[in-house]
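Thanks for coming, everyone. Please look at the screen while I talk.

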Amino acid sequence: MDLIKAIIIAIVEGLTEYLPISSTAHMGFTASLMGLEETEFLKMFQVSIQFGAILSVVVAYWKKFFDLNNIQFYFKLAFAVVPALVLGYLFDDKIEAVLGNQIAISSVLVLGGIVLLFADKWFKNPKIDDEKGITIRNAVTIGFWQCLAMMPGTSRSAASIIGGMAQGLTRKAAAEFSFFLAVPTMLAVTVYSVFVKTWGKETATPQKGYEMIMASQDHIMIFIVGNIVAFIVALIAIKAFIGVLNKYGFKPWGWYRIFVGVALLIYFYFFK
């Protein structure tokens with residue numbers, strides 16, 4: 001993977017991380033369409049550039065993240081992220097095994113799109129319009145909904161936003177809490193992938209993520225530039241998504257998922 005291809009993948013990550021369309025699926029499809037070999041470094045890179053996307057949320061909502069007078073905010077995020085930490089650790093190998101199955105991911109993309117077409121009708125008369133109205137119980141429940149995204153193609157954003165709406169949150173409040181929850185969730189995933197997880201256990205040269213990054217100047221450059229690009233693009237995408245969601249709801253994203261999912265099913269089934 002050269003720097004240009006890494007930048008393209010980072011742009012895709014930044015655009016899709018906070019949209020309900022699955023960044024994992026889109027990065028995987030993009031890498032496949034560019035003819036990239038599914039190496040351990042590529043898989044680690046696709047996870048680690050989420051760090052840049054994390055920073056975009058902190059910058060976009062810096063007043064919220066650095067409001068030390070609202071300690072409850074931090075407690076809510078801490079409790080909400082626990083389900084993903086536990087289940088993600090337990091099912092890490094199984095999740096990784098699915099990442100290379102583009103047919104399965106494309107199918108999940110379509111199914112998730114169908115769900116989004118009806119999401120606005122299912123959750124009417126919301127009562128909670130900002131984070132302060134969210135209880136610890138609401139937060140933990142949303143955290144469990146987020147775990148549905150462990151199936152690649154589901155979308156962490158879609159799962160947590162729908163989970164929030166099921167708890168009585170407005171679309172805007174659910175989307176913003178999904179953004180907030182992404183910070184501890186993706187930070188934990190990135191740290192685990194770079195510093196804890198051993199990649200390529202079944203190969204002759206298993207390595208930690210940071211060992212792969214430090215293996216060459218090219219890898220270091222790809223890692224740094226990838227995170228910077230993901231940060232910039234995600235910062236733009238967050239604001240745009242809130243506006244579209246408030247005006248049009250989930251339907252545009254549902255139709256998008258169905259169209260892309262069907263197109264990719266045809267591509268991977270007949271031409272790959």
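Let me start with a question: is F51 buried, partly exposed or exposed? This is a predicted model, so keep that in mind. F51 has a relative accessibility of 32%, so it counts as partly exposed. The cut-offs are under 20% for buried and over 50% for exposed. F51 is found in helix 4.

Now look around F51. F51 belongs to a nonpolar surface patch of about 580 Å². Which helices each supply at least two residues of the patch? They are helix 4, residues 50-60, and helix 11, residues 171-196. Helix 11 gives the most, with 4 residues.

Next, helix 8. It runs over residues 102-122, which is 21 residues. How far apart should its ends be? At 1.5 Å a residue, the helix should span 30 Å. The end C-alpha atoms are 30 Å apart, so the two values agree. Helix 8 also has a kink of about 30°. The kink is centred on L116. L116 is buried. Other buried residues of helix 8 include Q102, I105, S106, V108 and L109. G112, G113, L117 and A119 are also among them.

On to two serines. S22 has a positive phi of about 75°, although it is not a glycine. Where is S22? Find the loop between helix 1, residues 3-16, and helix 2, residues 23-33. S22 has a relative accessible area of 3%, so it is buried.

Now S155. Its phi is positive too, near 95°, and S155 is not a glycine either. S155 is in the loop between helix 9, residues 136-146, and helix 10, residues 156-166. Is S155 buried or exposed? Its relative accessibility is 4%, so S155 counts as buried.

Last, the database record. An unreviewed UniProt entry annotates "transmembrane region" at residues 41-61, 73-91, 97-119, 179-200, 220-242 and 254-271. Let us check two of those spans against the model. Take residues 220-242. That span is 100% helix and 0% strand. Its end C-alpha atoms lie 33 Å apart. Then take residues 179-200. Here the span is 82% helix and 9% strand. The end C-alpha atoms lie 31 Å apart.

That is my tour. Who has questions?

How values were computed:
Residues numbered from 1 in each chain as written. Predicted model: local features only at pLDDT ≥ 70, side-chain atom pairs only at ≥ 80, totals over all residues. Heavy atoms only, no water. Expected span 1.5 Å × (residues − 1). Bend = angle between axes of the 7 residues up to and from the residue. Buried < 20%, exposed > 50% of the residue type's maximum accessible area, 1.4 Å probe, protein only. UniProt positions renumbered as here; feature names shortened; annotations may be inferred. Patch = residues over 30% accessible without salt bridge, like charges linked within 9 Å, V, L, I, M, F, W, Y side chains within 5 Å. Areas by Shrake-Rupley, 256 points an atom, 1.4 Å probe, with all protein chains shown as cover. Salt bridge = Lys/Arg side-chain N within 4 Å of Asp/Glu carboxyl O.
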